[in-house]
Amino acid sequence: MEAEGYVSLREFTEADAEALLEWASDPRVVRFQRRDAYTHVDEARRYIIDHVLPFCRTRGTAPSAASLGYLVARAHWGRGVATRAVSAAAEAVFAEWPWLVRLEAIADVENPASQRVLEKAGFTREGVLRRYVVLKGRPSRDVVMFSFVRGDGEVKPAEVATHS
Amino acid sequence: MNTVTLRRFDLADADAMMSWASDPVVTAFLNREPYEPVEPIAFIRDTVLPHPWFRAICLAGDGPVGEVSVTPTEDRCRAELGITLARAHWGMGVATAALKRVLATVYADLDGVERVEALVDVDNAAARRALEKAGFQQEAVMRSYCVVKGLLRDMVIYSFISTDPLVERTMHVSLSS
């Protein structure tokens with residue numbers, strides 16, 4: 001089922017804290033995320049300031065591999081938003097980082113929806129990695145490793161626009 | 001075959017470390033990057049001694065013939081193994097024996113670690129055999145995982161989970177179950 005309208009990507013700003021809190025506080029959305037759900041907009045703001053903004057500007061090294069992760073607010077599930085965002089992100093980073101060869105992503109073995117997102121976005125399933133991550137202090141989880149290697153085939157073109 | 005044991009390093013092992021650290025042909029069995037020759041005293045002092053789990057591989061009480069390390073990652077349950085063996089001791093089951101010793105002891109030493117993983121080049125048949133004989137399970141081939149000497153390499157990822165059964169030591173016949 002195709003999403004109506006289109007999905008675009010842009011960099012975060014501090015002003016996005018309230019919006020980020022919307023999904024970062026939702027236990028259903030962060031279920032398979034390592035860190036706990038946020039409960040206050042200040043946590044979201046700190047995350048953007050301390051983690052997201054510096055991360056976006058770190059271009060020191062030129063690693064051949066990178067890893068991708070994504071969260072979508074619950075209200076927008078089931079309409080292909082994540083798949084289109086992942087496709088757009090993959091296309092953007094392969095274009096912006098000529099040194100990038102491998103983009104990888106993991107999905108919990110009990111998260112088939114996320115596994116489908118990656119498959120539909122053209123990632124290749126490589127295998128199950130046992131006891132790979134600890135979620136919120138609970139017992140460790142098995143995950144499925146996926147990758148998209150430069151030259152794997154066309155990333156689905158837009159309906160998506162990327163602007164900074 | 002001599003018994004393989006593991007012990008902690010000390011600075012007095014610097015000379016012995018030269019037997020594998022100074023050999024330009026020796027590349028680390030399982031490390032992603034090509035093995036960088038280092039000045040052994042500084043390496044032992046600055047990297048080995050503060051490391052959470054770093055051991056010398058010894059044969060029958062002689063000096064070290066290699067090194068093995070298990071390094072916790074950002075995920076507390078997961079640690080990465082690296083092993084290097086002097087070339088004179090390849091092909092005799094020393095690595096396999098060392099790996100078995102690691103698996104028998106490391107989970108008790110590293111709190112929270114449930115998974116020891118090893119990344120090895122797809123073409124490194126000897127290292128893959130050693131891991132498999134020691135009981136590691138192959139999980140995936142990770143495509144174009146890293147650059148080694150200017151070439152993209154596929155790496156195989158193996159793991160041993162703390163609850164996996166330890167492989168029996170082959171030199172030992174036990175009559176009890």
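What follows describes a predicted model, beginning with the contact between the chains and moving on to salt bridges.

**The contact between the chains**
- Chain A brings 22 residues to the contact and chain B brings 25 residues, and the area buried between them is about 1,800 Å², with carbon and sulfur atoms giving 47% of it.
- Of the area that chain A buries against chain B, 37% is supplied by Arg130(A), Arg131(A) and Tyr132(A), more than by any other three residues.
- Between chain A and chain B there are 11 residue pairs in polar contact, both residues being at pLDDT 80 or more.
- On the side of chain A that touches chain B, strands E3, E4 and E5 of chain A each supply at least two residues, and the largest share, 10 residues, comes from E4(A).

**Salt bridges between the chains**
- The count between chain A and chain B is six salt bridges, among them the one in which the side chains of Asp75(B) and Arg34(A) meet at 2.6 Å, N to O.
- Arg143(B) and Asp152(A) form a salt bridge with their closest N and O atoms 2.8 Å apart, and this pair runs from strand E6 of chain B to the loop between E5 and strand E6 of chain A.

**Salt bridges within a chain**
- Arg131(A) pairs with Asp142(A) in a salt bridge, the closest N and O atoms being 3.5 Å apart; because Arg131(A) lies in strand E4 and Asp142(A) in strand E5 of chain A, the pair ties together parts that are 11 residues apart in sequence.
- Arg153(B) forms a salt bridge with Asp121(B) at 2.7 Å between the closest N and O atoms, and Asp121(B) is buried because its relative accessible area is 17%, under the 20% cut-off.

Note on methods:
Residues are numbered from 1 along each chain as its sequence is written. Chains are lettered from A and ligands numbered from 1 in the order in which they are written. This is a predicted model: local features need pLDDT of at least 70, side-chain atom pairs count only at pLDDT 80 or more; totals for chains, interfaces and linings use all residues. Side-chain values use heavy atoms; hydrogens and water are left out. Contact means heavy atoms within 4.5 Å. Buried area is the accessible area (1.4 Å probe) that two parts lose on being put together, summed over both. A salt bridge is a side-chain nitrogen of Lys or Arg within 4 Å of a carboxyl oxygen of Asp or Glu. A polar contact is a pair of N or O atoms within 3.5 Å; within protein, one must be able to donate a hydrogen and the other to accept it, and residues adjacent in sequence count only if both atoms are side-chain atoms. Helices (H or I, at least four residues) and strands (E, at least two) are DSSP runs, numbered from the N terminus. Buried means under 20% relative accessible area, exposed over 50%, partly exposed in between (1.4 Å probe, protein chains only).
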